[in-house]
Amino acid sequence: MKSFFGVDYYPEHWPIEMMDADLDRMIDMGVEVVRIGEFAWHIMEREEGQYDFSFFDMVIDKLKKKGIKVIFGTPTATPPAWLINKYPEILQRDENLMPRSFGGRRMYCYNNEIYKEYTRKIVTKLAEHYKNEDTIIAWQIDNEFGHEGSDVCFCDTCKSGFRKFLSEKYSSIDMLNKTWGTVFWSQTYNSFDEVPLPLKTITHHNPSMQLDFKRFMSKSINDYAKMQVDILREILGESAVITTNIAGGYFDKNFDHNKMGKMMDVASYDNYPVWGGLKEPITPANIAMDLDFIRGLKRQNFWIVEELMGAQGHTIIGYLPRPNQAKMWAYQAVAHGAQSILFFRYRTATFGTEEFCLGIIDQDNREGRKYREVKEFFSDVKKHKELLQSEIKSEVAFLYDYDNIWAWKIQQQSTAFNFKEEMLNLYTSFYKHNVHIDVLDVKDDFSSYKVVVLPVMMIVDEELKARLEDFAKKGGTVLFTYRTAIKDRNNNLYLGKVMPCNLTHLTGIEVEEIESLQEGQFAFADGKFGTTKCKVMREMININGAEAIYKYNDKFYNEKACVTINEFGQGKVYYIGSSLDNEILCEIAKEIIIDKDIEHYTTPMGVEVYSRYLNDKKYLFIMNHTDEEHDIFGIKLMPYDSKIIEVK
Ligand code: GAL
Ligand code: ZN
């Protein structure tokens with residue numbers, strides 16, 4: 001897979017007379033590739049069946065003359081008005097059964113047969129038209145699946161689809177009743193046709209049912225995506241490169257991103273460290289975790305097909321990245337494995353919902369600071385293309401499981417709980433030591449890592465238990481947190497088992513009682529690295545073989561452990577029974593990193609170092625995420641400075 005740099009370009013947003021000058025400017029900027037087409041259905045099919053690709057033929061022709069390559073997007077994120085007016089049943093319905101209106105984007109139901117048929121037609125025509133066009137180096141299907149709330153639908157098609165999904169999953173309605181525990185509140189169904197969608201009700205739907213509904217939505221989205229992939233593959237052949245741009249907020253969406261990522265030839269991401277009304281960007285660790293998550297989808301380097309350059313927002317404009325800050329984010333992205341980057345967008349639109357999604361060039365059409373930053377970045381990273389394609393090896397893996405994430409969404413258990421924040425708190429504690437981290441689906445093979453971290457992994461089944469025991473036995477370090485292994489795959493509790501269920505042997509502990517702590521509510525624990533606040537939840541742990549390194553500082557529970565370590569085989573198992581202060585987690589992470597002899601670097605707060613290796617040579621990517629100057633390894637870093645250096 002090659003490495004290339006470019007911009008997201010919407011030639012349909014500008015007078016055609018501007019195109020030649022725009023392309024010359026792109027060449028001057030260092031652009032090698034543009035992404036086009038992803039929202040332009042109406043241009044390609046003005047009226048039903050009247051396919052016309054002449055506009056994009058002309059665009060591609062001009063690009064080709066300049067030597068600029070193309071990523072072409074299928075336009076299905078924005079169905080045309082004629083289609084929605086003819087078949088309004090294509091529209092998704094929200095949980096109050098109200099249809100989403102034409103006007104925004106992504107308003108179609110993934111299961112609607114009519115929409116699938118029109119999708120097949122436009123994608124087929126497009127691919128057939130361009131199948132011999134070698135200027136097109138890759139295809140993007142749709143745009144940001146599930147984003148902006150488009151990951152759920154309650155229409156009649158989805159209702160019958162859900163029932164069919166259930167009847168295929170459960171051998172009989174009795175089986176479903178038993179698994180879900182529908183005897184509770186007299187919810188027993190006599191047939192699959194009685195099962196409702198989880199629409200608004202009084203209190204809440206059954207947790208097992210809700211989890212199955214999320215799995216059904218996930219399957220619906222992934223099946224729809226696969227349909228497009230299959231069409232493109234069939235027409236364009238094995239050599240075609242197919243991707244889709246994954247949006248931020250991946251842990252909040254109703255589809256398994258791992259399944260989506262694995263069906264693509266390369267995983268792509270839209271990297272927006274700040275958006276809309278945010279007063280400041282998300283943390284450097286958060287951006288890094290996002291990048292590591294995308295790299296983990298296929299366990300290989302990836303692309304960024306939208307990298308923020310200007311401030312972004314639909315109605316509220318966001319934070320203005322400080323001089324060199326957006327450029328620094330691009331360096332951070334390449335450090336973490338983005339081997340290709342396209343900046344969003346070439347120029348700010350003067351109309352439409354995204355007038356305030358500012359581009360490299362603003363509406364004044366002048367080359368300013370952002371232009372210079374992109375140009376400098378392109379010219380620098382192009383010297384390192386081979387390095388950017390080198391494999392990243394990590395010894396620490398963070399494991400997630402969409403069933404578990406959804407189970408937490410269904411039952412938050414504390415108002416202070418947020419899955420991503422819990423994951424990020426732990427991730428940050430390792431990130432601060434500048435180690436490589438892979439963020440992986442728990443089903444992936446983790447046996448070759450030195451450390452695996454399983455944040456708030458409520459659902460642990462026999463198979464995972466066995467893999468973890470084997471891992472620890474052979475010398476691996478496992479880190480669990482509170483609420484581990486309390487649920488089975490059906491989202492039910494275990495009868496007659498002590499928590500962490502099936503893992504008391506591995507962890508050497510028993511959880512006797514739990515307390516949910518709400519927003520702003522804390523307990524305290526004392527131990528090895530000083531006092532810590534305990535937030536979100538806390539577990540009163542009895543030791544059964546493990547060593548307590550933290551105990552609660554508390555009138556009633558001061559004999560109960562909060563953090564424990566157990567020796568298991570040749571390995572170690574940490575259990576953290578609450579959400580702790582990051583400084584304390586950092587100390588725990590450091591202890592593990594040193595114990596396992598993992599490559600790491602000590603840097604001033606906000607200065608990130610990421611090592612990469614190529615042909616026996618070592619390089620460091622250095623990013624200053626702060627607005628202050630720093631000196632590191634004898635190198636002076638200006639505010640938001642970034643450097644790629646070879647280490648002798
Ligand atoms: C992305 C999206 C783009 C554009 C951009 C604005 O999420 O893929 O189409 O909306 O945000 O920042
Ligand atoms: Zn639907």
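Mentor: A247 sits in the loop between β6 (245-246) and α9 (257-263). The names follow DSSP runs numbered from the N terminus: helices are H or I runs of at least four residues, and strands are E runs of at least two. This is a predicted model, in which local features need pLDDT of at least 70 and side-chain atom pairs count only at pLDDT 80 or more, while totals for chains, interfaces and linings use all residues. Residues are numbered from 1 along each chain as its sequence is written, chains are lettered from A and ligands numbered from 1 in the order in which they are written, and side-chain values use heavy atoms, with hydrogens and water left out.

Trainee: Why does A247 count as buried?

Mentor: Buried means under 20% relative accessible area, exposed over 50%, and partly exposed in between, with a 1.4 Å probe and protein chains only. A247 has 2% relative accessibility, and therefore counts as buried.

Trainee: Which residues is A247 in contact with, leaving aside its neighbours within four places in sequence?

Mentor: They are E144, H147, K253 and Y269. Contact means heavy atoms within 4.5 Å. A separate value concerns G146: its C-alpha is 8.4 Å from that of A247, and the two residues are 101 apart in sequence.

Trainee: What makes T532 a buried residue?

Mentor: Its relative accessibility is 0%, which means that T532 counts as buried. T532 belongs to strand β16 (residues 532-543). Beyond four places in sequence, T532 contacts A523, F524, A525, Y550, L580, D581 and I584.

Trainee: How far does the backbone nitrogen of D581 lie from a polar atom of the T532 side chain, and what is the cut-off for a polar contact?

Mentor: The distance is 3.1 Å. A polar contact is a pair of N or O atoms within 3.5 Å; within protein, one must be able to donate a hydrogen and the other to accept it, and residues adjacent in sequence count only if both atoms are side-chain atoms.

Trainee: Why is α6 called roughly perpendicular to α8?

Mentor: The axes of α6 (residues 156-169) and α8 (residues 207-236) come within 10 Å and cross at roughly 105°. That angle makes the pair roughly perpendicular, because 65 to 115 degrees has that name, under 35 is roughly parallel, over 145 roughly antiparallel, and the rest oblique. Axes are lines fitted to C-alpha atoms, for helices over the stretch in contact, and angles run from 0 to 180 degrees between N-to-C directions. In this contact, C158, G161, F162, F165, L166 and K169 of α6 meet M209, D212, F213, R215, F216, M217 and K219 of α8. The contact residues divide into eight nonpolar, one polar and four charged. Nonpolar covers Ala, Val, Leu, Ile, Met, Phe, Trp, Tyr, Cys and Pro; charged covers Asp, Glu, Lys and Arg; polar covers the others, Gly among them.

Trainee: What makes α1 and α12 oblique to each other?

Mentor: Their axes are 8 Å apart and the packing angle is about 50°, which is why the pair is oblique. R25, D28 and M29 of α1 meet Y371, V374, K375 and F378 of α12. Those residues divide into four nonpolar, no polar and three charged.

Trainee: How do you know that the span of α12 agrees with its number of residues?

Mentor: The expected span is 1.5 Å times one less than the number of residues. For the 13 residues of α12 (residues 369-381) this should give 18 Å, and the end C-alpha atoms are 18 Å apart, which agrees. The buried residues of α12 include Y371, V374 and F378. The buried residues of α12 pack against elements including β1 (5-8), α11 (325-335) and β25 (642-647).

Trainee: Why is α11 called mostly covered?

Mentor: In α11, 11 of its 11 residues are buried. W329 and Y331 are among them.

Trainee: Where are the cis peptide bonds?

Mentor: One runs from F344 to R345, with omega near -20°. Another joins M499 and P500, with omega about -5°.
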